[in-house]
Amino acid sequence: MMKKLFALLLAGFLASTAVAQEAPDVLVQRVTEEVLEIIRHDKEIQNGSTNKVIDLVDKKVLPHFNFQHMTALAMGKEWRKASPQQQQQLTAEFKTLLVRTYSNALTSYKNQKVVYKAFKMAPTDTDVLVRTEVHQPGNKPVQLDYSLEKLDGGWKVYDVVVAGISLVTNYRDQFGQEVRNGGIDGLIASIANKNKSLEANQKK
Amino acid sequence: MTKSLGLSGMRKGRAWALGGLLALAGIGNTIAEENPHDPYEGFNRSMFAVHEAIDKYAAKPVAQVYDNAVPLPVKAGVGNFFGNVGELWVGVNSALQGKFADAGVDLGRLLINSTVGIFGLFDVASELGLERHDEDFGQTMAVWGAGSGGYLFWPVIGSRTVRDTLGWGVDLMGDPVGYVDSIPVRNSLRGLRIVDIRASLLPADKVVEEAALDKYAYIRDAYLQRRRNQIFDGRPPRLDD
């Protein structure tokens with residue numbers, strides 16, 4: 001009995017360290033393939049069900065993202081002007097916006113193929129770029145890169161770069177403009193409004 | 001009589017000019033604060049509005065019909081065909097940037113796809129591992145050291161910096177479609193190419209529409225980031241935050 005329990009504990013321990021130590025490129029590839037596999041078999045997502053795809057992203061993708069870092073990156077120097085409470089609100093609203101818009105992008109997935117570029121890192125690296133490419137017939141391949149940082153809970157994505165366009169820093173000028181117009185609270189309000197109007201228009 | 005009219009007219013004119021200058025200085029100041037890459041923001045935003053109207057009522061509906069009506073293999077063939085048409089010019093620009101190995105690949109792609117790939121309808125070269133490059137004359141000028149100049153937004157052609165607007169003009173001269181003798185064929189090819197490009201952007205529309213707080217700024221900053229990425233062939237040096 002004790003032996004069995006011990007074996008079970010050991011197995012659990014091994015499994016959890018294996019996950020924590022999963023290399024960043026392996027992590028990106030595993031999560032991408034899992035998500036695409038699900039979408040390929042889910043007619044509702046293919047028909048554009050926002051709720052369904054957000055659910056999937058929530059479960060499979062979000063645990064590997066660091067939204068606080070993403071928000072700080074999008075804010076640039078304005079981030080330090082926000083109080084801890086404002087930072088929390090900003091992170092929550094920005095997360096909602098990013099998740100909704102880019103989850104929806106997944107519903108237009110058809111027959112693209114993701115190619116994983118060769119990846120090299122030193123064992124001491126704590127900040128890496130994992131490069132992939134999306135191939136689709138008749139079009140140029142689209143570069144899709146992920147910036148990851150090593151945290152206690154494993155590697156976390158803090159930036160996604162499509163064709164050289166950072167989906168995070170692309171907000172910096174817009175955020176700066178909102179802060180100039182209405183302060184940090186004005187920015188929080190305008191992202192929240194955007195989220196509300198998106199939710200009102202969404203396809204169930 | 002005439003004199004006094006002229007004088008008052010001049011005074012009025014001067015007052016207007018002064019007011020205009022002050023307003024411009026004011027605009028200049030706020031814009032300089034907002035984005036140093038967008039000194040012509042006022043002009044650009046009005047062009048953007050024109051562009052959006054043209055897109056909404058002409059370009060986008062046509063692209064949607066094309067996208068829905070044409071089967072995927074045909075769309076892929078069209079995309080490959082225009083890719084192949086532009087291949088020689090890509091090769092010229094690779095060479096002008098001193099990337100002779102790339103230029104060789106571009107030429108190889110042109111030869112393979114024009115023959116085995118049946119007039120470029122099939123991208124056999126990619127399957128053989130000859131990677132497609134993304135070059136144009138604006139990038140060539142950037143590699144030569146030309147600055148980007150201010151950001152501009154043009155109706156129909158969209159985002160271009162001053163440098164890339166010039167580059168686009170030179171690209172037109174390097175476009176084989178422009179040398180097709182038959183005017184109907186030439187115009188059909190140009191039309192089809194626009195529809196093909198617009199259709200390929202349809203999935204991005206929804207994302208931009210949903211993601212942007214300010215669509216104009218979102219598109220501008222995406223364009224500037226993407227160009228930087230193209231100039232550095234997909235590996236731009238990291239910017240400090």
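pLDDT is the predictor's confidence in each residue, on a scale from 0 to 100. This model is predicted, and its scores are ipTM 0.85 and pTM 0.84.

**Confidence**

Where pLDDT is low, the predicted coordinates should not be read in detail. The values for the two chains are set out below.

| Chain | Mean pLDDT | Residues with pLDDT of 70 or more |
|---|---|---|
| Chain A | 89 | 89% |

Among the elements of chain A, the lowest mean pLDDT, 60, belongs to helix 1 of chain A (residues 2-20). The highest, 96, belongs to helix 5 of chain A (residues 67-75).

**Chain B**

Chain B contains 11 helices and 2 strands. Along the sequence of chain B, their order is α-α-α-α-α-α-α-β-β-α-α-α-α. Of the 241 residues in chain B, 26% are buried. Among the contacts in chain B with a separation of 6 or more, 60% join residues 24 or more positions apart.

**Where the chains meet**

The contact between the chains involves 24 residues of chain A and 31 residues of chain B. On the side of chain A that touches chain B, two or more residues come from each of helix 6 (84-106), strand 5 (165-166) and helix 7 (172-201) of chain A. Helix 7 of chain A supplies the largest share of that side, with 7 residues. By type, the residues on the side of chain A that touches chain B are 6 nonpolar, 13 polar and 5 charged.

**Helix 7 of chain A**

How far does helix 7 of chain A span between its end C-alpha atoms? The span is only 26 Å, whereas a straight helix of 30 residues would reach 44 Å at 1.5 Å a residue. Helix 7 of chain A also has a bend of about 120 degrees, placed at A:Gly182.

Buried residues occur on both sides of that position in the numbering. Those of helix 7 of chain A include A:Arg172, A:Asp173, A:Gln174, A:Phe175, A:Gly176 and A:Glu178. Also buried are A:Ile184, A:Leu187, A:Ile188 and A:Ile191. Which elements do the buried residues of helix 7 of chain A pack against? They pack against helix 5 and helix 6 of chain A, and also against helix 11 (215-231) of chain B.

Terms used
Residues numbered from 1 in each chain as written. Chains lettered and ligands numbered in written order. Predicted model: local features only at pLDDT ≥ 70, side-chain atom pairs only at ≥ 80, totals over all residues. Helix = DSSP H or I, 4+ residues; strand = E, 2+ residues; numbered from the N terminus. Contact = placed C-beta atoms within 7 Å. Nonpolar A, V, L, I, M, F, W, Y, C, P; charged D, E, K, R; others polar. Expected span 1.5 Å × (residues − 1). Bend = angle between axes of the 7 residues up to and from the residue. Buried ≥ 20, exposed ≤ 12 C-beta atoms within 10 Å, placed from the backbone.
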